[in-house]
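My plan is to look things up one by one and write down what I find.

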Amino acid sequence: MISLEQARTVIAAARAKGREMDLNPLTVVVLDAGGHLVAMEREDGSGYGRPDIAGGKAEGALAMGTSSRKLGDMAADRPQFMAALSAAWNGKLIPAAGGVLIRDAGGTLLGAVGVSGDLSDKDEEAAFAGIAAAGLTAG
């Protein structure tokens, strides 16, 4: 399981990367391997729906065992399947880049991070920075 301290490091570093890249205000959600919320921060000015989007990116990554970027690719190839998954999980699946699995050095799944606020590719870049800053591995 990802610790609260590790989750806070992921969030702080993702936000710092966002400021370095001059991104729109971000919301960052960290879930443990069981899908439980460990920590979440919404920067001033980040939109009302951003916690749900960031959470949906992380939840989808955990549920399917792959990044939300790959879920986006799946949605393009198999839209009916992704629509069915979204319905089955009460909309808790956002198939857009920014949701990344978090693993320890040995490859054990610890949880996932979801970032929302800017373009999805930039959200994902911030997520990767957060994971690396915590000494953990993406994917």
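My entries follow, starting with the whole chain and ending with single residues.

**Entry 1: the whole chain**

I note at the start that this is a predicted model. I looked up the secondary structure first. The protein chain has five helices and five strands. From the N terminus on, I read the order as α-β-β-α-α-α-β-β-α-β.

I then checked the extents. The C-alpha trace spans about 35 × 35 × 20 Å along its principal axes.

**Entry 2: burial, contacts and charge**

How much of the chain is buried? I find that buried residues make up 43% of the 139 residues. The chain exposes about 6600 Å². Carbon and sulfur atoms supply 51% of that area.

Next I looked at contacts between residues at least 6 apart in sequence. Of these, 64% join residues at least 24 apart.

I also looked up the charges. There are 13 positive and 17 negative side chains. The centres of the two sets lie 2 Å apart.

- Strand 2 with strand 1: I find antiparallel pairing over five bridges. Val-30 stands opposite Ala-39 in strand 2. These two strands form a hairpin with four residues between them. Gly-35 in the turn has a positive phi of about 85°.
- Strand 1 (residues 27–32) with strand 4: six bridges join them in the antiparallel sense. Leu-31 has Ala-112 in strand 4 as its bridge partner.
- Strand 4 (residues 109–116) with strand 3: five bridges join these antiparallel strands. Val-100 stands opposite Val-113 in strand 4. This pair is a hairpin as well, with five residues between the strands. Gly-107 in its turn has a positive phi of about 95°.
- Strand 3 with strand 5 (residues 137–138): the pairing is antiparallel, over two bridges. Arg-103 has Thr-137 in strand 5 as its bridge partner.

**Entry 3: strand 3 and Gly-99**

I stayed with strand 3 (residues 99–103). It is mostly covered, with four of its five residues buried.

Gly-99 belongs to this strand. Is Gly-99 buried or exposed? Its relative accessible area is 0%, and the cut-off for buried is under 20%, so I log Gly-99 as buried.

What does Gly-99 touch, beyond residues up to four places away in sequence? I list Lys-57, Ala-58, Ala-61, Ser-67, Ser-68, Val-113 and Gly-114. The C-alpha atoms of Gly-99 and Leu-62 are separated by 8.8 Å, although the two residues are 37 residues apart along the chain.

**Entry 4: Gly-117**

Where is Gly-117? I find it in the loop between strand 4 and helix 5 (120–133). Gly-117 is buried, with a relative accessible area of 6%.

Leaving aside neighbours within four places in sequence, Gly-117 is in contact with Asn-24, Pro-25, Leu-26, Arg-50 and Asp-123. I also looked up Gly-18, which is 99 residues from Gly-117 along the chain. The C-alpha atoms of Gly-117 and Gly-18 are separated by 9.4 Å.

**Entry 5: Asp-22**

My last stop was Asp-22, in the loop between helix 1 (4–20) and strand 1. Is Asp-22 buried or exposed? Its relative accessible area is 68%, and exposed means over 50%, so Asp-22 goes down as exposed.

I checked the backbone here too. Asp-22 has a positive phi of about 60°, although it is not a glycine.

Technical notes
Residues numbered from 1 in each chain as written. Predicted model: local features only at pLDDT ≥ 70, side-chain atom pairs only at ≥ 80, totals over all residues. Heavy atoms only, no water. Buried < 20%, exposed > 50% of the residue type's maximum accessible area, 1.4 Å probe, protein only. Contact = heavy atoms within 4.5 Å. Areas by Shrake-Rupley, 256 points an atom, 1.4 Å probe, with all protein chains shown as cover. Lys, Arg positive; Asp, Glu negative; His and termini not counted. Charge placed at Lys NZ, Arg CZ, Asp CG, Glu CD. Pairing = 2+ DSSP bridges.
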